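Trainee: Please show me the model. I want to learn what the labels rest on.
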Amino acid sequence: MKKTSLVLAVSLAVLLSACGKEEGAAPEAPAPEAAAPAPAPVVAENVLGKSIFNKTCALCHAAGVAGAPKPGNTADWGPRIAQGNDLLYKHAMEGFTGAKGTMPARGGNTALTDDEVKAGVDYMVGLSK
């Protein structure tokens, strides 16, 4: 019975697929392919900045300790970003005390190089735009 049902189903599918087609009609032209979307621009991940953030900056910035702006909080970061990266770098390297809190020099990690501090700042800024 199963073999008969299978043959019947295949036969019915073939007949139905021919329904509505006119004999001698020109085959339909293939549908034009939609233009492939342009690939998204490749943005290099700031691997160094992410590492510095995770090892040093996150100690305060992840929880907002001493007024540290949390990455991604555009309300806190917006005014800081508007001042420019040079000032952010200066405050991160030299330390800063302002109305909203205190930033220890080099995030308290005196072993960080200038480039590492800048990478950490760039990472947080990137998350906060």
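This is a predicted model: local features need pLDDT of at least 70, side-chain atom pairs count only at pLDDT 80 or more; totals for chains, interfaces and linings use all residues.
Mentor: From the N terminus on, the elements run α-α-α-α-β-β-α. That gives 5 helices and 2 strands in the chain. Residues are numbered from 1 along each chain as its sequence is written, and side-chain values use heavy atoms, with hydrogens and water left out.

Trainee: Why is Ser128 called buried?

Mentor: Buried means under 20% relative accessible area, exposed over 50%, and partly exposed in between, with a 1.4 Å probe and protein chains only. Ser128 has 2%, so Ser128 is buried. Ser128 lies in helix H5, residues 114-128.

Trainee: What does Ser128 touch?

Mentor: Contact means heavy atoms within 4.5 Å. Leaving out residues up to four places away in sequence, Ser128 touches Lys70, Pro71, Gly72, Asn73, Thr74, Trp77 and Ile81.

Trainee: Which label does Phe96 get, and why?

Mentor: Its relative accessibility is 38%, so Phe96 counts as partly exposed. Phe96 sits in strand S1, residues 96-98. Beyond four places in sequence, Phe96 touches His91, Gly101, Thr102 and Met103.

Trainee: How many disulfides are there, and how do you know?

Mentor: The structure holds 0 disulfides. A disulfide is a pair of cysteine sulfur atoms within 2.5 Å. Cys57 is in no disulfide, and the nearest cysteine sulfur, that of Cys60, is 9.0 Å away. Cys60 is in no disulfide either, with the sulfur of Cys57 as its nearest, 9.0 Å away.

Trainee: Are Cys57 and Cys60 buried or partly exposed?

Mentor: Cys57 has a relative accessible area of 15%, so Cys57 is buried. Cys60 has 27%, so Cys60 counts as partly exposed.

Trainee: What makes H2 and H5 roughly perpendicular?

Mentor: Two packed helices are described by the angle between their axes and the distance between the axes. Axes are lines fitted to C-alpha atoms, for helices over the stretch in contact, and angles run from 0 to 180 degrees between N-to-C directions. The axes of H2 (residues 47-61) and H5 come within 8 Å and cross at roughly 80°. Under 35 degrees counts as roughly parallel, over 145 as roughly antiparallel, 65 to 115 as roughly perpendicular, and the rest as oblique. So H2 and H5 are roughly perpendicular to each other.

Trainee: Which residues meet there?

Mentor: In H2, they include Leu48, Phe53 and Cys57; in H5, they include Ala119, Tyr123 and Met124.

Trainee: Which residues of H4 are buried?

Mentor: In helix H4, residues 85-94, they are Leu88, Tyr89, His91, Ala92 and Met93. These buried residues pack against H3, S1, strand S2 (101-103) and H5. Just after H4, Gly95 takes a positive phi of about 95°.

Trainee: What happens at the two ends of H3?

Mentor: At the start of helix H3, residues 74-82, a side-chain oxygen of Asn73 reaches to within 3.1 Å of the backbone nitrogen of Ala75. Just after H3, Gly84 takes a positive phi of about 100°.

Trainee: How much of the chain counts as buried?

Mentor: Of the 129 residues, 19% count as buried.

Notes:
Helices (H or I, at least four residues) and strands (E, at least two) are DSSP runs, numbered from the N terminus. A polar contact is a pair of N or O atoms within 3.5 Å; within protein, one must be able to donate a hydrogen and the other to accept it, and residues adjacent in sequence count only if both atoms are side-chain atoms.
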